[in-house]
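Please look over the model below before reading the points that follow.

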Amino acid sequence: MCSPSVIPYPDLPGVRFISLDALPVSNLTVQIPEGAYVNHGAIDSQGVNFCHVTTTYTHSGETDTVTVDVYLPTSGWNGRMQGIGGGGWTAGGLNFPFSSMSMLGAVAEGYSAVTTNAGHPELDPVDWVLESPGNVNKRLLENFGSTSLNELSIIGKSVIKSYYGKPPLFSYWSGCSQGGRQGMKLAEKYPAAFDGIAASAPALDFAGLGVGALWPQVVIKAMGQYPENCELIAITEAAVGSCDSDDGRIDNVISHPDACSFDPFSVANKSISCTDTGRPESVQISEAAAKVANATWTGARAADGSFLWWGLKKGTRLVEGNLGFLVNPGLATTICSSNGTCTGKPTEIADQWIRFLVKKDPSFDVTKVTMAEFEALFQASMEEYRSIFNVEPNLDAFRDVGGKMLSYHGLADTIIPPDSTRNFYRLVTAQDTQIHDYYRVFEAPGLGHCYGGTGGYYPRGLFDALVSWVELGVVPDRLDSSTPPAGDGSMQTGVLCPYPQKVYYNGSGLSTTTDGSYCAD
């Protein structure tokens, strides 16, 4: 029965429950496009029925109000719980469209689904990050960083047991980007919370990402030259044309970007057509554009040349663009007026992170940050927020409780460098050479941030592979993947390999099949 009378408050030390409501939802049609329900495929299901439980609580001695939503199938429950992660500045919750769609996708597939807003239902940090001028809201940041994630697990399992009379047989987490970071943080800090974790394109080093994503804009400002977006698009297209076939087939994707020797200065002074100023014109690719491309690929460096932050991979779109229901942020985006004057456009994540968290001043102008200021901002961000957000490379406890974790990371990710995930993997491997027994990463050629990109290969079966690994012991040695459908409905299929292996093609198969594909170091 979908009623608060049969679902008592969960037992959760250190919190005070405020409310618990239950509402039956009947005969719902659930249609979720591919990419919106991350780690899964598209969903098209009719007649979905579930009990929607909403509970709110606060932490003892605090003024926060956290909301957790649980969807419980009224029939056909598969005995599993799926925790749904958030994205950007949100921990999850039904106000975030992708979390809301993923909750519906999960319950349509027979899962009990659970998500949390971590105490801030707002999607914009301006509404909650600063407690007062110059002071961040540490309680909500800690909720966002990790605290709410373990609480979600406890509450979800308790509500499920009350409703069905038994706890879930298996519990899983699914997320990408911020949701990926949440999954990795769960594995590190709360290893027993979930049996299996799908944590894709994770913002593992969130404290570094918040400032590191500004680097191309700082380089542009230091040069005093603002390349038009079409120049960087042309450079990326030239890079793809140069290195596309390195994996053994031509599919408009760079599968091995680290081996790509393309030099952007080789296309400097080439004439291209451009409409950035609002009217068609012919422009030449500038040396400034080549310098910006190189800087974006290389990543941020300190004044002494030492490493600060990773760069993006060759073949990745470097400027803003509309990709269906997703918007590519574009680290090196400029805005050009009709008179030909261009200015830089920092990504939203970098702009907000620096203004609200590092400077704690909403009026701070991020477009004026100099090279010297950038380095200071980066170090300040790491010092203050690393312990709250970043994931430490220690999965020993997760391994010891029998947990399993899968990730994919697009090699054309436009915001979170794939080398961030590689670095984490290598650091864990340095402590445990048997890492493949419980944690595997699959790099996806051409895939953008979580989905999309330019012909990116998306592994829609990753979550199902995780379930098979956890419950049946079926080890995922490769994942099938495919590109988004073209205008005529056709798509290319491919194979993703567990890092550090790469995919190759021997030329015996068509681009629409996985024939002739193999994984090798």
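1. A pocket here is an open set of points on a 1 Å grid over the protein atoms alone, where a 1.4 Å probe fits, with protein on both sides within 12 Å along at least five of seven lines; lining residues have an atom within 4 Å of a point. Grid points are joined across faces, edges and corners, and a volume is the space filled by probe spheres set on the points.

2. The model is predicted: local features need pLDDT of at least 70 and side-chain atom pairs count only at pLDDT 80 or more, while totals for chains, interfaces and linings use all residues. Residues are numbered from 1 along each chain as its sequence is written, and side-chain values use heavy atoms, with hydrogens and water left out.

3. The second largest pocket has a volume of about 200 Å³. Its lining comprises 17 residues, with D205, W310, R386, N390 and N423 nearest the centre. Helix α11 (418-431) contributes the most, 4 residues; helices (H or I, at least four residues) and strands (E, at least two) are DSSP runs, numbered from the N terminus. By class the lining has 11 nonpolar (Ala, Val, Leu, Ile, Met, Phe, Trp, Tyr, Cys, Pro), 4 polar (the others, Gly among them) and 2 charged (Asp, Glu, Lys, Arg) residues.

4. The axes of α2 (residues 138-164) and α3 (residues 178-189) come within 10 Å and cross at roughly 65°; axes are lines fitted to C-alpha atoms over the stretch in contact, and angles run from 0 to 180 degrees between N-to-C directions. The contact (heavy atoms within 4.5 Å) involves F144, G145, S146, L149 and N150 of α2 and Q178, R181, Q182, K185, L186 and K189 of α3. These residues divide into 3 nonpolar, 5 polar and 3 charged.

5. In α12 (residues 462-472), L462, F463, A465, L466, V467 and W469 are buried, where buried means under 20% relative accessible area, exposed over 50% and partly exposed in between (1.4 Å probe, protein chains only). The buried residues of α12 pack against strands including β4 (80-84), β8 (170-176) and β16 (404-410). Just after α12, G473 has a positive phi of about 75°.

6. N27, in strand β1 (residues 15-32), has a positive phi of about 55° and is exposed, at 59% relative accessible area. A118 has a positive phi of about 60° and counts as buried because its relative accessibility is 0%.

7. The Y499 to P500 peptide bond is cis, with omega near 15°. P500 sits in the loop between β19 (493-496) and β20 (502-505).
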